[in-house]
Amino acid sequence: MPSGLTLASNGTLSGTPTSSGNFSFTARATDAFSYTGTRSYTLTIVAGSMAITPATLPAPIYSSSYSQQLTVSGGVAPYTFSINGGSLPTGIALSSTGTLTGSPSSPGTYTFSVTAVDSSSNLTSVSQSYTLTIATPFIDITPITLPAATVGHGVQHVDQRQRWGYTLRVRYRLRRAACRNEPYQHRHPEWHTNHRRYVHFRGAGQ
């Protein structure tokens, strides 16, 4: 009998076959007077087609948590997943149960192939190729323009740099002595020795 199938005393053949191939067996029936009859059978179990889904993956976000479950249709569960070609994005890993998890830490385009093997006796497998692109972080500095300044008066301004949900606040003030005999210039705090700097970090939504 094919593995996974059974023949009940009432003549019912049932179950879930776990391997493909041709199987020959003989069934025997006995009546109330102990007379018997036999019949030989050949049963062909065809390997069902397997597929890994989804066909494409959602794009991860740089330095953000990522989780995606891969599933298999067809074959015999449970399945074992592995990478059989290419490379995953840095910071992302594939578990044997088909879960992609992690936090991508390096921008770039990554192509890799995932293989799933079922639990049938002949270990049927299927592969699926994927491409993931991790975008380079975007940093924005505001405001676009600055208000005019007056010589001899203090100037205070706030630069806000946004990087994936976090804001870097840079405060500075020009000393009056630095403005007496030269025009007002807006410079980055690290480039001006007469700036007093105050740096505060705050998370998004704070």
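**Figure 1. One helix and 16 strands make up the protein chain.** This is a predicted model, so treat every value here as computed from it. Of the 206 residues in the protein chain, 27% are buried. The chain exposes about 13,300 Å², and 52% of that area comes from carbon and sulfur atoms. If you take the contacts between residues at least 6 apart in sequence, 48% of them join residues at least 24 apart.

**Figure 2. A close-up of the largest nonpolar core, which has 18 residues.** Look for I52, L57, L70, F81 and V114: these are the residues with the most contacts inside the core. Three elements, β9, β11 and β12, each give two or more residues to it. V114 is a handy place to start. Setting aside its neighbours within four places in sequence, V114 is in contact with I52, L70 and F81, among others. The list for V114 also includes S82, I83, N84 and L94, and it takes in V126, S127, Q128 and Y130 as well.

**Figure 3. F112 and Y130 form a tilted aromatic pair.** Searching the whole structure turns up two aromatic pairs; this view shows one of them, F112 with Y130. The ring centres sit 5.9 Å apart and the planes meet at 40°, so the pair counts as tilted. To be called stacked, the planes would have to be under 30 degrees apart, and edge-to-face needs over 60. The two residues are 18 apart and link distant parts of the chain: F112 belongs to strand β11 (residues 108–117), and Y130 to strand β12 (residues 125–134). Both of them are buried.

Figure 4. In general, strands of a sheet pair through backbone hydrogen bonds, either parallel or antiparallel. Zoom in on β6 and strand β10 (residues 99–102) and you can follow four bridges in the antiparallel sense. One spot to check is Y66, whose bridge partner in β10 is G102.

**Figure 5. Q68 is a buried glutamine in strand β6.** Its relative accessible area is 17%, and Q68 counts as buried because the cut-off is under 20%. What is Q68 in contact with, once neighbours within four places in sequence are left aside? The answer is P54, L57, P58, G98, T99 and L100. L57 turns up in the core view too, among the residues with the most contacts there.

**Figure 6. β3 and β4 make a hairpin with five residues between the strands.** Strand β3 (residues 21–30) pairs with β4 in the antiparallel sense, over ten bridges. To get your bearings, find A29, which stands opposite G37 in β4. Is strand β4 (residues 36–45) well covered or hardly covered? It is hardly covered: one of its ten residues is buried. Then move to the loop between β3 and β4, where S34 sits. Phi of S34 is near 70°, a positive value in a residue other than glycine. With 57% relative accessibility, S34 counts as exposed.

**Figure 7. The loop between β5 and β6 holds S63, another residue with a positive phi.** Most residues other than glycine have a negative phi, and most peptide bonds are trans. For S63, phi is near 65°. S63 has 48% relative accessibility, so it counts as partly exposed. The loop between β5 (51–53) and β6 is also where you'll find P54. A cis peptide bond joins T53 and P54, with omega at about 5°. P54 is one of the contacts of Q68.

**Figure 8. A cis peptide bond joins T142 and P143.** Omega for this bond is about 5°. P143 lies in the loop between β13 (139–142) and β14 (156–163).

Technical notes
Residues are numbered from 1 along each chain as its sequence is written. This is a predicted model: local features need pLDDT of at least 70, side-chain atom pairs count only at pLDDT 80 or more; totals for chains, interfaces and linings use all residues. Side-chain values use heavy atoms; hydrogens and water are left out. Rings of Phe, Tyr and Trp (its six-membered ring) pair if their centres lie within 6.5 Å; planes under 30 degrees apart count as stacked, over 60 as edge-to-face and the rest as tilted. Buried means under 20% relative accessible area, exposed over 50%, partly exposed in between (1.4 Å probe, protein chains only). Two strands pair if DSSP finds at least two bridges between them. Contact means heavy atoms within 4.5 Å. Accessible areas come from the Shrake-Rupley method with a 1.4 Å probe; for residues, only the protein chains shown count as cover. A nonpolar core is a set of buried Ala, Val, Leu, Ile, Met, Phe, Trp, Tyr and Cys residues joined through side-chain atoms within 4.5 Å.
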